[in-house]
Amino acid sequence: MTNIELCKHILAEQGNNHTKVVALNTNRGGYYSYINDSIYISSDNSNDKLKDIVVICHECIHSNQSKYLHIANIVASNLEILAFILAILNMILGCATLAILMVYMAICIISIAIRCALEIPAMVNSFEIAKKFCCFDDIHNICNMQKQIGSKFFIGVLSFSWTRVFRMFLTIVVYCVI
């Protein structure tokens, strides 16, 4: 079964007949775009079929999540970037206040929380779905992958929000220096 066929099969199992599946000419994983309701999946020439299966399951979960949550993620992400620029400009211009810093940090935390609401269920549930499509040895490897991610859960959460966390700490440092 190709990656595209597997993705369509999982979507059909989940009762999702509206999400399109598009092949990417790369072996770098995949992503879901809520804007055009499409999952973009890597080609079948990956060296790690097990990882491909987990990524496909992950993106299928995203396709079934609330579109309002996806919209909130985009809005919060862009608002966080805008607030970061405004906070840094205020600091450079010498009119930085603790209130500006606190508002920026609140926006940043809300942005990270929304992203977590999207990613954590997809991270956790993708392994369970993937187990259905693997042989016994692969299930053992999936369980090991799940344990590794579970043991590094905090790092995993930061990994999909690292730029936001970095900007938050940078803003705090700049505020403290200025």
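Aspartate 37 counts as buried, at 14% relative accessibility. The residue sits in the loop between S2 and S3. Its phi is positive, at about 50°, although aspartate 37 is not a glycine. Most residues other than glycine have a negative phi. The model described here is predicted.

The chain comprises seven helices and three strands. From the N terminus on, the elements follow the order α-β-β-β-α-α-α-α-α-α. The chain has 178 residues, and buried residues account for 42% of them.

The average pLDDT is 82, and 82% of the residues score at least 70. Strand S3 has the highest confidence, with a mean of 93. Helix H6, residues 153-159, has the lowest, with a mean of 55. Where pLDDT is low, the predicted coordinates should not be read in detail.

Three salt bridges are present in the structure. Side chains of opposite charge can pair when their charged atoms come close. One of the bridges returns to aspartate 37, whose side chain meets that of lysine 67 at 4.0 Å, N to O. The two partners come from distant parts of the chain, 30 residues apart. Lysine 67 belongs to helix H3. Aspartate 37 lies in the loop between strand S2 (30-33) and strand S3 (38-41). Lysine 67 is partly exposed, with a relative accessible area of 27%, whereas aspartate 37 is buried, at 14%. The cut-off for buried is under 20%.

Another salt bridge joins arginine 167 to glutamate 80. Their closest N and O atoms are 2.5 Å apart. Arginine 167 is buried, with a relative accessible area of 16%. Glutamate 80 is buried as well, with a value of 0%.

The remaining bridge pairs glutamate 119 with arginine 115. Here the closest N and O atoms are 3.7 Å apart. Both residues lie in helix H4. They are four residues apart, about one turn of the helix. Glutamate 119 counts as buried, at 10% relative accessibility. Arginine 115 is partly exposed, with a relative accessible area of 22%.

Helix H3 also packs against other helices. Helix H3 (residues 67-92) and helix H4 (residues 98-131) meet at an angle of about 155°, and their axes are 9 Å apart. H3 is therefore roughly antiparallel to H4, since angles over 145 degrees fall in that class. The crossing of H3 with H4 is left-handed. By class, their contact contains 16 nonpolar, five polar and two charged residues.

Asparagine 73 is placed in helix H3. At 7% relative accessibility, asparagine 73 counts as buried. Asparagine 73 and alanine 117 are 44 residues apart in sequence, and their C-alpha atoms are 9.3 Å apart in space. Isoleucine 74 is likewise placed in helix H3. This isoleucine is partly exposed, with a relative accessible area of 38%. Isoleucine 74 and isoleucine 114 are 40 residues apart along the chain, and 9.5 Å separates their C-alpha atoms.

Helix H3 packs with H7 at an angle of about 20°. The axes of H3 and H7 are 11 Å apart. H3 is therefore roughly parallel to H7, since angles under 35 degrees count as such. The crossing of H3 and H7 is left-handed.

Key: Residues are numbered from 1 along each chain as its sequence is written. This is a predicted model: local features need pLDDT of at least 70, side-chain atom pairs count only at pLDDT 80 or more; totals for chains, interfaces and linings use all residues. Side-chain values use heavy atoms; hydrogens and water are left out. Axes are lines fitted to C-alpha atoms, for helices over the stretch in contact, and angles run from 0 to 180 degrees between N-to-C directions. Helices (H or I, at least four residues) and strands (E, at least two) are DSSP runs, numbered from the N terminus. Angles under 35 degrees count as roughly parallel, over 145 as roughly antiparallel, 65 to 115 as roughly perpendicular and the rest as oblique. A crossing is left-handed if the near helix is turned anticlockwise from the far one by less than a right angle, and right-handed if clockwise. Ala, Val, Leu, Ile, Met, Phe, Trp, Tyr, Cys and Pro count as nonpolar, Asp, Glu, Lys and Arg as charged, and the others, Gly among them, as polar. Buried means under 20% relative accessible area, exposed over 50%, partly exposed in between (1.4 Å probe, protein chains only). pLDDT is the predictor's confidence in each residue, from 0 to 100.
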